[in-house]
Amino acid sequence: MAQQVRGVVAPGRGEPVRIETIVVPDPGPGEAVVKIQACGVCHTDLHYREGGINDEFPFLLGHEAAGVVEQVGDGVTEVGPGDFVILNWRAVCGQCRACLRGRPWYCFDTHNAKQKMTLADGTELSPALGIGAFADKTLVAAGQCTKVDSRARPEVAGLLGCGVMAGLGAAINTGGVGRGDSVAVIGCGGVGAAAVLGARLAGAATIIAVDLDERKLATASSLGATHTVHGGDEDVVAKVREVTGGFGADVVIDAVGRPETYEQAFYARDLAGTVVLVGVPTPEMRLELPLLDVFGRGGSLKSSWYGDCLPSRDFPMLIDLYLQGRLDLDAFVSETIELDGVEAAFEKMHRGDVLRSVVML
């Protein structure tokens with residue numbers, strides 16, 4: 001039987017969000033209903049509200065979530081009722097050319113629940129990133145649920161569902177940071193701060209945090225940055241090279257995603273070094289680099305989508321590290337809020353006052 005729950009809906013482009021009654025159907029084949037316990041407020045949710053993703057309003061916002069599986073549909077074997085899970089927005093298909101080549105983190109045919117959640121009047125909702133977790137319960141594809149140790153705090157665990165995983169993965173998976181490497185991270189919001197933490201976890205010897213906000217630089221230092229650069233007061237490229245003996249960093253992670261920061265990343269890396277773009281550009285942005293420099297400097301220019309993560313591999317491992325005290329995920333939870341606090345959380349995020357506000361349900 002379908003259930004009626006509360007959910008945060010973006011009704012139209014740029015309009016304030018509001019709490020509505022949401023109808024969640026029983027799970028069909030390959031689907032699961034999850035009772036949400038916590039969901040982080042991510043910048044992507046604001047993009048949805050502003051119409052920056054698409055115009056398929058109304059949106060049911062929220063995607064960085066953890067909760068408990070309540071029901072599963074036919075054919076679901078990977079999770080069952082009572083399992084504590086982190087939700088992900090890339091349920092791999094197992095059949096596309098990437099999956100069949102043993103690279104499921106590049107899956108080209110990820111999927112979501114086939115049924116639609118609706119408003120009480122029957123209006124179909126578009127769940128953010130196929131999840132829609134600013135709600136008491138949500139309907140997802142079972143493959144979007146990754147079972148992890150239930151001892152983890154849900155407000156922490158859920159953050160692996162998007163931003164924190166994107167940053168950790170940019171360093172560990174995409175950038176391939178190794179022991180003794182030098183790493184520079186440009187932009188130290190939630191994703192960049194996680195990249196700093198990932199570089200530390202991977203054993204980087206030198207970690208240079210770059211930002212315009214002293215508060216974010218202080219946070220980066222607390223998470224493992226060995227040096228900080230204020231991008232408004234210092235020449236970023238020159239400073240990174242100075243810290244690395246004049247050579248540049250082995251890996252430079254652009255967590256901003258603007259042409260000017262990407263150019264800084266390109267020239268701040270060592271010869272044969274790696275640039276990782278994890279910050280999301282907007283459609284109108286263009287990049288111009290001398291092709292001879294691209295050729296002459298060698299190395300790799302990579303994009304990191306969701307930190308090139310494989311949830312079934314990465315989420316349990318990272319939660320285990322957290323529970324062992326080796327991965328400080330608690331540092332990313334700036335505040336916990338109620339469902340009606342999402343709009344105010346967007347403002348705090350825009351001002352840079354928080355790494356993450358987390359809705360508790």
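# Briefing: cysteines, helix packing and backbone details

The sulfur of Cys309 lies 9.5 Å from the closest cysteine sulfur, that of Cys162, and so is too far away for a bond. This is a predicted model, in which local features need pLDDT of at least 70 and side-chain atom pairs count only at pLDDT 80 or more, while totals for chains, interfaces and linings use all residues. Residues are numbered from 1 along each chain as its sequence is written, and side-chain values use heavy atoms, leaving out hydrogens and water. Helices (H or I, at least four residues) and strands (E, at least two) are DSSP runs numbered from the N terminus.

**Cysteines**

- The structure contains zero disulfides, a disulfide being a pair of cysteine sulfur atoms within 2.5 Å.
- Cys162 takes part in no disulfide, and its nearest cysteine sulfur, in Cys42, is 4.0 Å away.
- Cys162 is buried because its relative accessibility is 8%; buried means under 20% relative accessible area, exposed over 50%, and partly exposed in between, with a 1.4 Å probe and protein chains only.
- Cys309 is buried as well, with a relative accessible area of 4%.

- Among the buried residues of H4 are Gly163, Val164, Met165, Leu168 and Thr174.
- These buried H4 residues pack against strands E5 (64–72), E14 (249–254), E15 (269–277) and E16, and against helices H5 and H10.
- Just after H4, Gly176 takes a positive phi of about 60 degrees.

**Helices H5 and H6**

- Helix H5 (residues 190–202) packs on helix H6 (residues 214–223) at an angle of about 20 degrees, with the axes 9 Å apart; axes are lines fitted to C-alpha atoms, for helices over the stretch in contact, and angles run from 0 to 180 degrees between N-to-C directions.
- H5 is therefore roughly parallel to H6, since angles under 35 degrees count as roughly parallel, over 145 as roughly antiparallel, 65 to 115 as roughly perpendicular and the rest as oblique.
- Ala193, Val196, Leu197 and Arg200 of H5 touch Ala220, Ser222 and Leu223 of H6, where contact means heavy atoms within 4.5 Å.
- That contact of H5 with H6 has five nonpolar, one polar and one charged residues; Ala, Val, Leu, Ile, Met, Phe, Trp, Tyr, Cys and Pro count as nonpolar, Asp, Glu, Lys and Arg as charged, and the others, Gly among them, as polar.

**Helices H7 and H8**

- The axes of helix H7 (residues 236–243) and helix H8 (residues 259–268) come within 9 Å and cross at roughly 30 degrees.
- This angle is why H7 counts as roughly parallel to H8.
- From H7, Val236, Val237, Val240 and Arg241 meet Gln264, Tyr267 and Ala268 from H8.
- In the contact of H7 with H8, five residues are nonpolar, one is polar and one is charged.

**Backbone details in the loops**

- The peptide bond from Phe57 to Pro58 is cis, with omega near -5 degrees, and Pro58 sits in the loop between helix H1 (43–49) and strand E4 (59–60).
- Leu129 is not a glycine, yet its phi is positive, near 50 degrees; Leu129 belongs to the loop between strand E8 (126–127) and strand E9 (137–141).
- Tyr306, also a residue other than glycine, has a positive phi of about 65 degrees.
- Tyr306 is in the loop between strand E16 (300–303) and helix H10 (311–323), and is buried, with a relative accessible area of 3%.
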